[in-house]
Amino acid sequence: MSTNASVHVKGLDGKVRSIYIHWDGYLSHAGDMLRNHYSTQAAADELVGMGDCSSLDATLDDSTFYHRDRNEDYDDVRANEAFNLVDSLELNSQQYDYYFDTAQWHLVTGGKCVPLTEAKEVEEA
């Protein structure tokens with residue numbers, strides 16, 4: 001069974017773009033991948049630019065994307081775009097929702113953005 005996640009990135013233009021991740025969306029995998037390997041605005045923007053993701057790994061080359069790797073139509077899997085996080089979550093919310101803003105990844109839980117460094121403690125508590 002898959003553990004789905006959504007990745008929401010606030011761009012420099014203020015818009016929030018989001019993609020879906022199908023496999024291993026939990027904190028100890030997707031959360032760690034995002035925090036450790038996609039921790040800059042450029043890296044986060046490049047990630048959502050790839051569109052929906054089957055599995056996220058430490059590099060984009062090692063990750064599996066529906067368009068690039070499975071030849072799905074890009075218009076069907078490209079990032080959703082919204083004016084704010086609330087609207088973005090209405091378009092794309094999963095078991096785990098991650099949000100990048102001001103150079104930091106957060107887990108969106110209980111209506112709050114919890115920094116990923118603290119979110120691990122929340123999950124394990």
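Modeller: The count comes to six salt bridges. Bear in mind that this is a predicted model.

Start with Lys15 and Glu81. Their side chains meet in a salt bridge, 3.4 Å from N to O. This pair links distant parts of the chain. Lys15 sits in the loop between E1 and E2, while Glu81 belongs to strand E5 (residues 80-82). The two are 66 residues apart. Lys15 is partly exposed, at 27% relative accessible area. Glu81 is partly exposed too, at 44%.

Next, look at helix H1. Asp32 and Arg35 both lie there, three residues apart, about one turn of the helix. Their side chains form a salt bridge at 3.2 Å, N to O. Asp32 has 17% relative accessibility, so it counts as buried, the cut-off being under 20%. Arg35 is partly exposed, with a relative accessible area of 30%.

Now turn to Arg68 and Asp69. They form a salt bridge whose closest N and O atoms are 2.9 Å apart. Arg68 is partly exposed at 32% relative accessibility. Asp69 is partly exposed at 37%.

Leaving out residues up to four places away in sequence, Met50 touches Leu60, Phe65, Arg68 and Tyr74. Met50 is found in the loop between helix H2 (41-49) and strand E3 (53-55). At 21% relative accessibility, Met50 counts as partly exposed. Met50 and Phe65 are 15 residues apart in sequence, yet their C-alpha atoms are 6.9 Å apart in space.

Definitions and conventions:
Residues are numbered from 1 along each chain as its sequence is written. This is a predicted model: local features need pLDDT of at least 70, side-chain atom pairs count only at pLDDT 80 or more; totals for chains, interfaces and linings use all residues. Side-chain values use heavy atoms; hydrogens and water are left out. Helices (H or I, at least four residues) and strands (E, at least two) are DSSP runs, numbered from the N terminus. Buried means under 20% relative accessible area, exposed over 50%, partly exposed in between (1.4 Å probe, protein chains only). Contact means heavy atoms within 4.5 Å. A salt bridge is a side-chain nitrogen of Lys or Arg within 4 Å of a carboxyl oxygen of Asp or Glu.
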